[in-house]
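I opened this notebook to keep track of what I looked up in one model, entry by entry.

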Amino acid sequence: MSAFSIDIHSHFLPGVDDGPDTVEESVRMAEMAVEDGRRIVYCTSHLSVFGSDSVGARPETLDDPIRELERRRGIMETLQRELDARGIPLELRLGAEWMMDPDVLDLLERSPLGFLGGSKAFLFELSSFSPLEFVPQFVALAVDRGWQPVLAHPERYSPVTAESFRRLLKPVVEEGGIMQLTSGSFTGMFGPRVKSLVEMIAKEFPRSVVIASDAHESELRTPQIIRTSPVPVNFPAALEKALAS
């Protein structure tokens with residue numbers, strides 16, 4: 001599996017979170033993704049067990065998470081038909097960027113829609129109130145259920161520093177977690193501190209990281225994925241297996 005043909009973290013769905021507002025903007029993002037080599041994009045709009053604290057949430061999305069996932073599936077299917085009608089060869093798959101909470105695991109038991117494309121892998125992020133020290137336990141609980149948890153953009157969390165990243169992130173990897181690094185972090189989009197950190201993480205954990213776009217629109221946070229990093233970053237075998245299951 002090519003590390004650059006699949007994007008496991010993106011905000012493509014129009015009018016759902018802090019991603020694109022319109023179908024036309026989603027289409028522009030899809031065109032950019034295809035030009036950059038994507039074949040499959042997972043639509044991972046923000047979601048939490050409470051809805052109301054989802055990052056970038058819109059008033060109309062503050063409801064039961066499973067029902068919201070069903071609504072998003074309909075939006076994705078409509079967008080997929082639009083891409084197909086325009087001859088844009090991009091496959092959309094549903095997912096979510098979950099805010100970490102123990103109850104997320106129970107929700108995932110109830111509905112496959114919260115996983116990446118109905119697989120055994122799921123993406124989660126941390127709020128500013130989520131101690132990184134809790135992440136290994138959350139990862140271990142997910143792995144015990146036979147799932148593959150993926151921690152979104154660890155390089156962008158303020159507790160992660162040049163001095164602390166090994167101590168904080170090594171237990172995540174040891175428990176079976178995979179870390180998703182954001183392409184824009186390598187280019188300096190989020191500042192020199194994050195750029196330095198993402199390079200350190202890629203060098204330290206090359207077999208446990210995957211690069212994704214975390215695309216939100218077509219101007220700044222685009223679907224383009226950087227093809228250079230301090231070390232070769234291949235698609236992790238464990239994640240490839242989980243996505244195929």
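The entries below follow the order in which I looked things up.

**Entry 1: ground rules.** I am working with a predicted model, in which local features need pLDDT of at least 70 and side-chain atom pairs count only at pLDDT 80 or more, while totals for chains, interfaces and linings use all residues. Residues are numbered from 1 along each chain as its sequence is written, and side-chain values use heavy atoms, with hydrogens and water left out.

**Entry 2: salt bridges.** I took a salt bridge to be a side-chain nitrogen of Lys or Arg within 4 Å of a carboxyl oxygen of Asp or Glu, and on that criterion the structure holds 15 salt bridges. I noted for context that side chains of opposite charge can pair when their charged atoms come close.

I looked up Glu25 and found a salt bridge with Arg28, with 2.7 Å between the closest N and O atoms. Both residues belong to helix α1 (residues 23-35) and are three residues apart, about one turn of the helix; helices here are DSSP runs (H or I, at least four residues), strands are likewise DSSP runs (E, at least two), and both are numbered from the N terminus. For burial I used relative accessible area with a 1.4 Å probe and protein chains only, where buried means under 20%, exposed means over 50%, and partly exposed lies in between. On this scale Glu25 is buried at 11%, whereas Arg28 is partly exposed at 39%.

I then turned to Glu68, which forms a salt bridge with Arg71 at 3.0 Å between the closest N and O atoms. The two sit three residues apart in helix α2 (residues 65-85), separated by about one helical turn. Glu68 is buried at 3% relative accessibility, and Arg71 is partly exposed at 33%.

A further pair I checked was Glu91 and Arg93, whose side chains meet in a salt bridge at 2.8 Å, N to O. Glu91 counts as partly exposed at 37%, and Arg93 counts as partly exposed at 25%. I also recorded that Glu24, Glu82 and Arg86 are joined into one network by salt bridges that share partners.

**Entry 3: strands.** Which strands make up the open sheet, and in what order? I found six strands in the order β3-β5-β6-β7-β8-β9, with parallel pairing, where two strands pair if DSSP finds at least two bridges between them. β3 (46-47) and β9 (209-212) stand at the edges with a single partner strand each, so one side of each has no neighbour in the sheet. Strand β8 (residues 178-182) pairs with β9 in the parallel sense over four bridges, and Leu181 has Ile211 in β9 as its bridge partner.

I next examined strand β1 (residues 6-10), where five of the five residues are buried, so this strand is largely enclosed by the rest of the structure. β1 pairs in the parallel sense with strand β2 (residues 40-43) over three bridges, and the bridge partner of Ser10 in β2 is Cys43. The chain passes from β1 through α1 to β2 in a right-handed β-α-β crossover, meaning that, with the strands pointing away from the viewer, the path from the first strand over the helix to the second runs clockwise.

**Entry 4: helix α8.** I listed the buried residues of α8 (237-244), which are Leu239, Ala242 and Leu243. Seen down the axis of α8, these fall within an arc of 95°, so they line one face of the helix; the arc is that of the directions from the helix axis to the C-beta atoms. The face turned away from the buried side carries the exposed residues Ala237, Lys241 and Ala244. The buried residues of α8 pack against several strands, including β1, β2 and β9.

**Entry 5: loop residues.** Ser218 lies in the loop between β9 and α8 and is buried at 10% relative accessibility. Its contacts (heavy atoms within 4.5 Å), leaving aside neighbours within four places in sequence, are with Glu25, Arg28, Met29 and Met32.

I also checked backbone angles, bearing in mind that most residues other than glycine have a negative phi. His153, in the loop between β7 and α5 (165-174), has a positive phi of about 30° although it is not a glycine, and His153 is buried at 6%. Asp214, in the loop between β9 and α8, has a positive phi near 50° and is buried at 2%.
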